[in-house]
Amino acid sequence: MDTNGWPAADGFPGGANTYRMPLPRLSLTPDAGHGPLHGAWWPRCDALELELPSLLGALGHRLGTVVGVTVDTAAWPDVPRTVPAPGHVIEVFLSAVDIEAHTITLDCGPLGRRELLVVPPGEPAGAASWLLTTASDPGNALSAPHMLALAQANWER
């Protein structure tokens, strides 16, 4: 992507352009944390196949190698079963459990699981900023649905 936010031209045959997702809007707890969440992620759209590789690339090895993710079926209804990640393929599992609504669970193999709040792509910037900060606070004890309800009550959409 160039500095104006336009798709990058990679010189593919026929002059085809590719689009690279910008760096993800992500906030993680400094350590494992004590609450139900280990941070938050604010994707730009609801296309997990576009957003997930960017998220995993930004995580690097901070959480270990992510081997699978579990996402909420309501938030990601048309998600593919696998998504390419830097250096490997991630298996995607779907969950309809209400407690997991608006979250993504990253299975980091031997390092365990990390639960991130997924801030809806269309969330107002003020609400999203509060959600990113609060979810990454190691002392936060609020669940993802509770946090989103508080944000909705305090910021207009």
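Is Glu-49 buried, exposed or partly exposed? I looked it up: Glu-49 is partly exposed, at a relative accessible area of 39%. I use buried for under 20%, exposed for over 50% and partly exposed for in between (1.4 Å probe, protein chains only).

Ground rules. I am reading a predicted model, where local features need pLDDT of at least 70, side-chain atom pairs count only at pLDDT 80 or more, and totals for chains, interfaces and linings use all residues. Residues are numbered from 1 along each chain as its sequence is written, and side-chain values use heavy atoms, without hydrogens and water.

Glu-49. I placed Glu-49 in helix H1, residues 48-59. Helices (H or I, at least four residues) and strands (E, at least two) are DSSP runs, numbered from the N terminus. Leaving out residues up to four places away in sequence, Glu-49 touches Pro-80 and Val-83; contact means heavy atoms within 4.5 Å. Glu-49 and Pro-80 sit 31 residues apart in sequence but 6.9 Å apart in space, C-alpha to C-alpha.

Core. I then checked the largest nonpolar core, which has 21 residues. Such a core is a set of buried Ala, Val, Leu, Ile, Met, Phe, Trp, Tyr and Cys residues joined through side-chain atoms within 4.5 Å. Trp-41, Leu-52 and Val-69 are among those with the most contacts inside it. H1 gives the most to this core, five residues.

Helix H3. In H3 (residues 144-154) I found Ala-144, Met-147, Leu-148 and Ala-151 buried. Down the axis of H3, the buried residues fall within an arc of 95°, so they line one face. The arc is taken from the directions from helix axis to C-beta atoms.
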